[in-house]
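Readers who meet this structure for the first time may want a guided account before turning to the details. The report below is meant to be read alongside the sequence and the coordinates.

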Amino acid sequence: MNKVIKFVAIFLVLGIFLVQANIYCEAGTKRVYAAGWYRNNWKNNVITPLAIETVTGDWIPHTEWGDYDTIIFTQGTSGVEKLTAEQFQEVITWVSAGNSIIFANNSQNSLITSAETYNKPEHAPLTGVSYYNIAKFGPSAIVLDNQHQLTNHMSLGESVADWKDEGYYYAKVTTAQRLVGFNGTGVQQDSGWVFANQIGAGCVYTIIPTPNEESPADFLTLCQKAVLLACGMPLPVAPTDISPIRDNSGKITLSWSPSLVSEGGGAITEYRIYRDNQPNVTLASELVATIEVDETFQPMWEDTTLQSYQERGQQYYYAFMAVDSHSFQSDLSATAAAPALLGTVKGKVVRTEDIASGIQNAEAILIDLETESRQSSFTDALGFYKFDNVIVGEYKLSVRAPLYLVQEIDDLTVTANAIIQEDFRLIKDERESAPPTEFEAIGPDINPGIIELSWKAPLGEPEAYFFKIYRTLDAALLENENYKALEPLKELGSPQQPYPPGSLITLNDSTPITGKTYYYLVTALTGSMVESDPSEIKSAFAVPVGKPEQISPCNGEPVEGSIVTFKWSAISNAKSYILQYADNPEFHNAIKKTIAATQTQFVQSNVIEGKWFWRLAVVLDSDAQSDFSTTYFSTVSADPENVGAAFFTITPEYVMDNDYATLTFVLNQPSVVSLAVYDPNGRLIKRIINKQQLNNGIHSRVWTLMDEKDLGLPNGLYMVCLTMEDTANNVVRVRKGVVLYK
Amino acid sequence: MKPRFLLLLLFTIAFLQFADAAFEIEHLGTRAVGIGGIRAIADEHSRGLISNPIGALTVNKFTAGVTHQNLFSSWASLNGFNASFHNKMGAFSCGYLELSQEELSYREKLININYATKVRRLSLGLGLQVTKMIHRYGGGDGKSLNVAMQFDVNPRYKLGILATSAISKNNYETGNTDKKPTVISLGNSVDITEDTNFKLEIVNKTGLRLGVEKLLGKNFIIRGGVNEHSTPTFGFTLQKDKLCFEYSLLMNEGGYSSLLSIMTNL
């Protein structure tokens with residue numbers, strides 16, 4: 001007995017052992033602290049869409065310029081101050097350290113004069129500018145390359161338009177560093193072309209303040225941060241104390257305290273009012289008014305652009321900008337809010353026969369008579385309903401509960417801050433409508449995947465407000481009131497109005513599984529939700545939707561490189577195609593692509609080497625979807641040289657229904673080929689090709705799952721070995737498994 | 001006729017009516033592979049117990065071993081263990097094997113129970129195997145029966161017969177049942193000299209296996225053979241005290257397959 005115990009113990013120990021072994025900111029708020037650039041342009045066309053965060057104002061020491069992507073020097077209108085010698089020395093220090101910088105100006109004065117002044121040999125970093133002879137009254141636009149050297153400039157009187165034909169102005173903004181400017185002298189400055197900026201290291205992008213049709217889209221790619229340093233006149237100050245007042249009609253009237261004029265600054269000539277329905281009003285918000293400051297000016301404005309009470313029911317936010325006589329713009333003012341006009345509707349719903357108790361879960365429906373939008377509120381256990389934040393306006397209020405007649409109030413007026421109390425006493429109504437008539441269910445061949453349902457609303461009183469459609473795959477589930485245990489496929493109708501008696505109702509069921517026969521019936525419901533007897537039971541066959549036919553890559557076709565182009569045949573009435581591909585035949589974690597019906601191919605790049613499976617389905621205009629096509633696979637190899645040696649496949653790998661397996665392989669060059677099947681004991685089972693000379697290309701052979709003596713084989717694992725020997729006697733051996741599973 | 005022999009005979013006949021083997025009919029042991037795949041009279045121990053239950057009769061009281069097989073240049077592998085003991089009641093053995101192939105996510109597990117007895121010069125063995133196949137699409141299960149008889153004509157000449165039959169059911173939607181042909185091997189073994197043993201086996205009447213074993217010294221046995229597909233085989237056994245180390249090698253166009261078994265006698 002001890003031996004038996006020992007035997008069992010060792011057996012278990014061995015068993016356990018072996019088993020184990022197994023930019024942007026608000027442009028208007030930060031703009032150039034100098035004259036010269038027409039800020040309207042910056043605001044509307046440059047800064048905002050380009051998402052530049054700019055910083056202006058006081059001089060920032062060059063030690064802090066590294067915080068910005070770009071340093072731009074500009075200047076104001078004629079007569080404003082130049083850079084001081086100290087400031088320019090900082091520029092030199094900055095550039096000497098290998099940094100980029102941009103000069104930008106729009107007149108012949110100031111900065112260029114500064115450049116001229118300081119373009120001297122002792123200012124070594126800027127000698128490039130000097131050598132290009134930028135002279136006073138000369139060109140004011142300069143181009144710096146990425147070595148901070150002047151590479152081009154604009155002659156006096158030239159415009160950007162004169163440059164564009166040279167090709168670099170528009171097209172090469174991403175390949176060269178350029179700064180393009182425009183001399184304002186003698187041209188219309190208020191529509192002028194202004195400058196560019198330089199973004200980070202390596203690129204300068206050209207900005208056109210007023211982009212036109214010729215402007216390439218990539219102009220609108222810019223830095224996230226820039227600093228604009230200049231000197232000039234002070235900007236106007238935004239108005240304060242903005243006070244919106246809203247009356248019960250929704251009208252908004254704004255008043256404000258006019259802007260103060262800074263010393264040296266221009267007089268305020270206009271106010272611009274921006275509005276948004278979000279608290280963050282920016283220059284991108286809607287400009288709703290421009291108010292000129294003339295003799296009749298009063299700091300008050302009525303927003304007449306809001307017409308609908310729907311708009312009046314919304315909260316709005318306003319911000320102001322002041323513009324001075326130099327066309328300088330202030331920052332936006334603080335935002336002021338005009339509140340929405342909202343009221344409350346509430347009440348209690350009780351039974352006529354028992355007015356002391358409320359009806360729970362009765363539905364109160366509030367319908368906006370202007371927009372026809374609706375909202376519902378269900379009564380609580382005591383029968384109370386409530387609508388908060390109801391926009392002022394005219395409404396229809398209806399209340400309904402199962403087995404009770406609907407009650408309505410057609411003209412409910414909601415006013416601002418009002419609490420309207422409306423109680424209801426519902427009268428019991430247990431009348432049942434007649435069932436729907438002439439019920440039909442058809443699965444038309446010309447509309448595969450769809451079953452068309454139609455019926456007529458019952459005649460007489462009470463009228464039908466709703467219909468319930470039931471669907472099953474088993475007719476018995478609909479018979480003898482069994483359908484009452486089912487969830488309806490769909491419910492149609494609304495409590496607002498009944499279906500006209502005898503009217504035709506149609507419904508397309510796009511959700512059946514194609515290839516199956518479905519049974520349907522329909523019932524009618526009164527406004528008090530009393531369900532009628534059912535209609536006749538009708539059946540219809542869901543005609544299968546034709547599947548797309550895969551064209552390429554063919555099943556088993558190797559793909560060279562990492563780009564796979566899937567192609568398939570077009571299906572008429574297709575709305576879209578669904579392409580799935582995965583690295584497993586079960587399509588676990590498959591990549592899904594929805595492709596427009598106009599396309600019958602899809603290109604996927606960067607496909608990882610390996611075996612990929614793909615299949616397709618089509619979605620028709622009717623939203624019916626086909627089954628997925630047969631799964632194809634392709635072997636993707638990034639190294640074409642190895643495709644021939646590496647591509648060898650057995651279809652199917654798991655033989656269940658087939659009486660044969662197809663062995664497919666590719667030869668890159670003529671080879672002597674052997675192909676044989678072995679069992680797990682290493683024994684040869686079937687020799688399919690015996691040292692046969694084959695040309696390069698795709699070859700396939702069929703194995704009938706028999707051994708050499710044409711005897712059947714046990715289920716299990718088998719190994720198929722492909723041996724290829726080229727003319728240089730290089731032997732490549734590829735092994736693939738196949739599982740008989742019949 | 002002894003009662004237990006009669007009982008075993010009846011048991012065999014009854015099982016032959018329905019019993020079959022699983023997915024892979026033949027699982028050759030290390031020694032059998034080394035001598036051309038001969039197993040009907042290989043009377044070996046180790047993994048051979050799986051397919052020829054008579055082998056357990058050669059066991060000295062109690063033997064346990066492990067086996068590792070490298071298939072087709074590491075394309076697949078097979079691991080297992082077995083144990084057997086022998087007393088007056090006969091020889092009992094059991095074993096476990098697991099075949100795995102990673103690319104196909106394939107696993108095949110086999111549990112085997114054998115009984116063998118010897119009455120005078122006639123040995124009779126019966127083996128029952130249960131197999132489980134697991135793979136990407138599910139799997140299947142199967143049973144098989146091995147029936148072996150061996151008659152010792154004289155101490156130097158033996159005749160053997162081994163029949164194996166299988167039935168397998170996959171557990172996929174179809175529920176297909178697959179009966180596979182019975183493999184019958186007829187073999188004989190003759191000791192040419194005291195240290196040289198020659199074996200010949202006919203498989204299903206058409207295949208022929210040849211094998212030779214030679215004892216070199218007291219502890220080393222070398223063997224070679226040719227299987228029914230004319231594939232040469234090679235193997236050796238090294239014995240030392242209670243330990244036994246066996247190795248065999250088979251090479252063909254599919255690659256090399258090697259088997260390694262380590263056993264201990266207790």
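What follows takes up confidence, then strands and sheets, and finally the nonpolar cores.

On average chain A has a pLDDT of 70, and 66% of its residues score at least 70. Within chain A, helix α7 (residues 168-171) has the lowest confidence, with a mean of 24, while strand β26 (residues 466-472) has the highest, at 94. Where pLDDT is low, predicted coordinates should not be read in detail.

Chain B, for its part, contains 2 helices and 14 strands. It has 266 residues, of which 52% are buried, and among its contacts with a separation of 6 or more, 50% are between residues 24 or more positions apart.

| Strands in chain A | Bridges | Direction | A facing pair |
|---|---|---|---|
| β17 and β18 | 5 bridges | antiparallel | A:A364 and A:S377 |
| β11 and β14 | 8 bridges | antiparallel | A:R275 and A:Y318 |
| β14 and β15 | 3 bridges | antiparallel | A:Y318 and A:A336 |

The pair β17 and β18 belongs to an open sheet of 4 strands in chain A, ordered β18-β17-β20-β21 with antiparallel pairing. Because β18 (374-378) and β21 (407-414) of chain A each have a single partner strand, they stand at the edges, and one side of each is left without a neighbour in the sheet. From one strand to the next, the twist averages 25°.

Strand β14 (residues 316-324) of chain A is mostly covered, with 8 of its 9 residues buried. In this strand A:Y318 is the bridge partner of A:R275, and A:Y318 is also paired with A:A336 in β15 of chain A.

The largest nonpolar core has 43 residues, and those with the most contacts inside it are A:I451, A:A464, A:Y520, A:V522 and A:V618. Among the strands of chain A that each supply at least two residues of this core are β24 (437-442), β25 (451-456), β34 (574-582) and β37 (610-620), while the largest share, 7 residues, comes from β29 of chain A. The core lies between domain 4 (437-531) and domain 5 (550-637) of chain A, because both give residues to it. Leaving aside residues up to four places away in sequence, A:Y520 touches A:A441, A:L453, A:I469, A:Y470, A:R471 and A:K538. Another core, of 40 residues, lies apart from this one, and its members include A:V673, A:L717, A:C721 and B:Y96.

A:Y577 counts as buried because it has 24 C-beta neighbours inside 10 Å, where 20 or more are needed. Apart from residues up to four places away in sequence, A:Y577 touches A:P548, A:I595, A:A597, A:L616 and A:V618. Although A:Y577 and A:V618 are 41 residues apart along the chain, their C-alpha atoms are separated by 4.4 Å.

How values were computed: Residues numbered from 1 in each chain as written. Chains lettered and ligands numbered in written order. Predicted model: local features only at pLDDT ≥ 70, side-chain atom pairs only at ≥ 80, totals over all residues. Pairing = 2+ DSSP bridges. Axes fitted to C-alpha atoms, helices over the stretch in contact; angles between N-to-C directions. pLDDT = per-residue confidence, 0-100. Buried ≥ 20, exposed ≤ 12 C-beta atoms within 10 Å, placed from the backbone. Contact = placed C-beta atoms within 7 Å. Core = buried A, V, L, I, M, F, W, Y, C linked by C-beta atoms within 7 Å. Domains from an automatic or database assignment.
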